[in-house]
Amino acid sequence: MTVSSLASVYVWSPNTSGIRTADISKVTVHHMAGDLTVEQCGSIFASASRQASSNYGVGSDGRIGCYLEEEFHPWTSSSYWNDDRAITLEVADYNLGDWSPSKAAYQSTVLLCADICQRYGIEPTYTGGTDGTFTEHRMFAATSCPGDWWHAKMPEFVKDVKEAMRGRYGVPIECIIHPDQSGKLFFVSGATITYIPHPDGAVAIDKVADACGASVPHFELGTKAAPWGFRFFQATGNAELYHEMIG
Ligand SMILES: [Zn+2]
């Protein structure tokens, strides 16, 4: 039985049709319609009378809970067909107004989906229809789930999942960048970008790399007029960090 290594909380649910009959080929992101912790969401699905479940839940603190091992068919999407082939996730709503998740929950959701897609050989696609590998509850029932924020975000979310797959498993990127003449330094490792608050941080990274027989390239990326730095942050799912640190 399979659980992502990214999960840290386990609350088992009895609500399942048993072992799937279809191969796992899709992922469906739902929203909890509330800001529940992964334990709270799990305790709802642990009740047989709720007749609902999901494989995973993601809380606003970024922690991931598992409620049904991946081989089990969850009751999440109002569609036997979808739930038989999709791993389903419930993400907490940090902002109850637009049903948007916290930054931590979003990043954990991206990483969990990248992990699932990598392990099952799923190419992340969103077509707006049931033929994409990322589907939504609203495609199968009269519901707004996963809410307007996630629905609008789906194309960019799928791109972020792809980038995370490259960052974690594919093209190794390790460098220090100076984006868009901002005078700020960032360390890039895979799809993760970290702000370096003091130039000595870059010196320390160079010293460690050197001691390990490696070197970390430094370079200017983009200018104010041609902001390739921003494009890079955006493509790797770090646009918020860019806005925070650079504007
Ligand atoms: Zn749903």
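Q: Where is Gln51 found?
A: In this predicted model, Gln51 is found in the loop that runs between α1 and β4.

Q: Why does Gln51 count as exposed?
A: The label exposed is given to a residue with 12 or fewer other C-beta atoms within 10 Å of its own, and Gln51 has 10 such neighbours, so Gln51 counts as exposed.

Q: What makes the phi of Gln51 worth a remark?
A: Most residues other than glycine have a negative phi. The phi of Gln51 is near 55°, a positive value in a residue other than glycine.

Q: Why is Ser78 called partly exposed?
A: A residue is exposed at 12 or fewer neighbours, buried at 20 or more, and partly exposed in between; because Ser78 has 16 other C-beta atoms within 10 Å, it is partly exposed. Ser78 sits in the loop between β6 (72-74) and α2 (80-85), and its phi, near 55°, is again a positive value in a residue other than glycine.

Q: What makes β1 and β8 the edge strands of the six-stranded sheet?
A: This open sheet has the order β1-β5-β4-β7-β3-β8, with mixed pairing. The strands β1 (9-10) and β8 (134-135) each pair on one side only, and they are the edge strands.

Q: How do you know that β3 and β8 pair, and in which sense?
A: Pairing asks for at least two bridges between two strands, and β3 (residues 26-31) and β8 have two bridges, in the parallel sense. Val27 stands opposite Phe134 in β8.

Q: Which strands does helix α1 lie across?
A: Helix α1 (residues 38-45) lies across β1, β4 (56-58), β5 (64-66) and β7 (86-91), and its direction is at about 20° to β5.

Q: Why are β11 and β12 said to stand at the edges of the four-stranded sheet?
A: The order of this second open sheet is β11-β10-β9-β12, with mixed pairing. Because β11 (192-196) and β12 (218-221) each have a single partner strand, one side of each is left without a neighbour in the sheet. On average, neighbouring strands here are turned by 35° against each other, direction ignored.

Q: How do you know that β10 and β11 pair?
A: Where at least two bridges are required, β10 and β11 have five, in the antiparallel sense. Ser189, which has its place in strand β10 (residues 185-189), stands opposite Thr192 in β11.

Q: Why is Ser189 called partly exposed?
A: Ser189 has 14 other C-beta atoms within 10 Å and is therefore partly exposed, since that label lies between the limits of 12 or fewer for exposed and 20 or more for buried.

Q: What makes α5 a helix of about the expected span?
A: Helix α5 (residues 199-211) has 13 residues and reaches 19 Å from its first C-alpha to its last, which is close to the 18 Å expected at 1.5 Å a residue. The helix lies across β9 (174-179), β10, β11 and β12, at about 35° to β10.

Q: What makes α5 hardly covered?
A: A buried residue needs 20 or more other C-beta atoms within 10 Å, and the count of buried residues among the 13 residues of α5 is one. After α5 comes Gly213, whose phi is positive, near 75°.

Q: How many residues does each domain give to the contact between domain 1 and domain 2?
A: The domain assignment gives domain 1 (9-165) and domain 2 (174-245), and the contact takes five residues from each of the two. On the side of domain 1 that touches domain 2, the elements giving two or more residues are α3 (103-120) and α4 (147-169), and the largest share, three residues, comes from α4. By class, that side has two nonpolar, no polar and three charged residues.

Methods. Residues are numbered from 1 along each chain as its sequence is written. This is a predicted model: local features need pLDDT of at least 70, side-chain atom pairs count only at pLDDT 80 or more; totals for chains, interfaces and linings use all residues. The expected span of a helix is 1.5 Å times one less than its number of residues. Two residues are in contact if their C-beta atoms, placed from the backbone, lie within 7 Å. Axes are lines fitted to C-alpha atoms, for helices over the stretch in contact, and angles run from 0 to 180 degrees between N-to-C directions. Domain bounds come from an automatic or database domain assignment. Ala, Val, Leu, Ile, Met, Phe, Trp, Tyr, Cys and Pro count as nonpolar, Asp, Glu, Lys and Arg as charged, and the others, Gly among them, as polar.
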